[in-house]
Amino acid sequence: MRVVVIGGGIVGAAAAYYLTGRGASVTVVDGGYQGEATQAGAGIVCPWVDHPEDDDWYRLNREGARAYPGLVEALGEDFGYAKVGALLVAEDPAELEPVRSLLHRRYADAPEMGEVVDVPAPAELFPPLSDTLSALLVPGAARVDGRSVRDALLNAAVARGARIHAGAATLTPDGEVRVHAAAGAPSGEGRTWTPGGGTGQARNEETGSWRQAAPRGPAAAQGSEAARDPGTAQSARAAHGAEAGRPGSQTAQGSQTGPGWQAGPRPQAARGPEVVRPVAAGAGRVFADEGVPVEADAVIVAGGAWTGEVCRPLGAELPVFPRRGQILHATLEGVDTAWWPIVLPSDGPYLLGFPGSRVVIGATVEDVGFAPRVTMGGLEEVLRAGLRIAPGLAGATVTETRVGLRPVYAPGRALIGPLNSRVVVATGLSAYGLTAGPYAGRLAAALALGETPPIDLTPYAPTCL
């Protein structure tokens, strides 16, 4: 069976890996677009603290986390996966009680989270933290290097015979795939894919969840784009199908299914005006060539934030839009940060350590269309919030900034399912791409092969406008 996978991020790479493992002939088309989420993601795998009111969203992420150890064993490769645990931190110990109750409720069905314990002095585990914090430790949480996972999956797929086309993919109305020339290179197999290539949390008031996934509300965004120009923010929401007032939609005021738990929204750092580009304008692509057709019996579209644009010729108006995240990397010279736990505050940024004395702080949560730019205001927000909970990082060296466009599906959950008899779509993982991405690719592969997926995918079925 011939399958074309559109998108070389973590979902598409996983789909190619599982498809080749089942004997399929696979072609991956990777556009290498600036702002691809896999390139920027921090790599937190801790699903048990999120989506307390949405069992389907939670189930997908839980299964994604559960599948990682087996994937590590199967690939036999070190791609930065390590169970380092997660510290859920708060100034007031009473703020930890809701998430403690949630974890206790979920433990029976997810013992892999480990026994949750109190940590009165979290700075003993993550030294830069403020000594005013209290914490719970979730020992089963892991961190992972998203780029390395993606590369390991693609390398394994290529070893089994998968082919990689570097170029932009389009679909014709009848579902034929065409590959257009990438910048500076011919389309098709004339360009070699290189591992590691490419370009390289506000909360929901309604759900009581811990981590961040939706942008803060305009009323709280003091000085933000939405607060300065509500009409601009509204036009962007309309462009990606998340109009205010539409039942089940995500708007700039929060996501029905995204994480976040504190009692009130935290103001964003003040930042200058920024032009918000609607999805259609930002994603629209013009090609100089007609494209090279690629034969396929089935197609998986795992194009991240660009998925709606790719699928539009099929007559499917998928409300998928980009949500920008800006992330900062710093180093603490001579400090071993490899086994520091992930830090997940109730209010503010996440922090996590990696080998090489590296600490990652992020991320902003911005609905600004296809604008994969690192901004002064975004960095200020990350730095200010990070130093508030980890003042010991003040002397760290800033070594890198990253920006990614998280793919968000407006109705709320991930988007995994068939669009027609031969095209499957898999995207919309938002801030959970590195948690659920490999598992979502496995689910999409099963659909493309006509097999029964390991979980019921009805809750993630496409809803076309």
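Helices (H or I, at least four residues) and strands (E, at least two) are DSSP runs, numbered from the N terminus. The model is predicted: local features need pLDDT of at least 70, side-chain atom pairs count only at pLDDT 80 or more, and totals for chains, interfaces and linings use all residues. Residues are numbered from 1 along each chain as its sequence is written, and side-chain values use heavy atoms, leaving out hydrogens and water.

Helix H4 spans residues 97–107, and its buried residues include Val 99, Leu 102, Leu 103 and Arg 106. Because these four cover an arc of only 95° around the axis, they lie on the same side of H4; the arc is that of the directions from the helix axis to the C-beta atoms. His 104 and Arg 105, on the other side of H4, are exposed. Buried means under 20% relative accessible area, exposed over 50%, and partly exposed in between (1.4 Å probe, protein chains only).

## Nonpolar cores

A nonpolar core is a set of buried Ala, Val, Leu, Ile, Met, Phe, Trp, Tyr and Cys residues joined through side-chain atoms within 4.5 Å. The largest such core has 53 residues, of which Leu 19, Leu 60, Leu 153 and Ile 300 touch the most other members. Among the elements that each supply at least two residues of this core are helix H1 (10–21), helix H3 (55–75), helix H5 (146–159) and strand E12 (298–301). A second, separate core holds 27 residues, including Ala 82, Ala 110, Val 138 and Leu 344.

Leu 153 touches Ile 10, Ala 13, Ala 14, Tyr 17, Leu 71 and Leu 75, not counting residues up to four places away in sequence.

## Strand E9 and its partners

Strand E9 (residues 163–171) is mostly covered, with eight of its nine residues buried. Two strands pair if DSSP finds at least two bridges between them. E9 runs parallel to E2, to which four bridges join it, and Val 29 stands opposite His 165 in E9.

With strand E10 (residues 177–181), E9 pairs in the antiparallel sense over five bridges; Val 179 in E10 is the bridge partner of Ala 169. The hairpin of E9 and E10 has five residues between the strands, and Gly 175 takes a positive phi near 90° in this hairpin.

## A three-stranded sheet

Three strands form an open, antiparallel sheet in the order E3-E8-E4. Strand E3 (44–45) and strand E4 (82–83) are the edge strands, each pairing on one side only. Two bridges join E3 to strand E8 (residues 142–143), and Ile 44 stands opposite Arg 143 in E8.

Definitions and conventions: Contact means heavy atoms within 4.5 Å.
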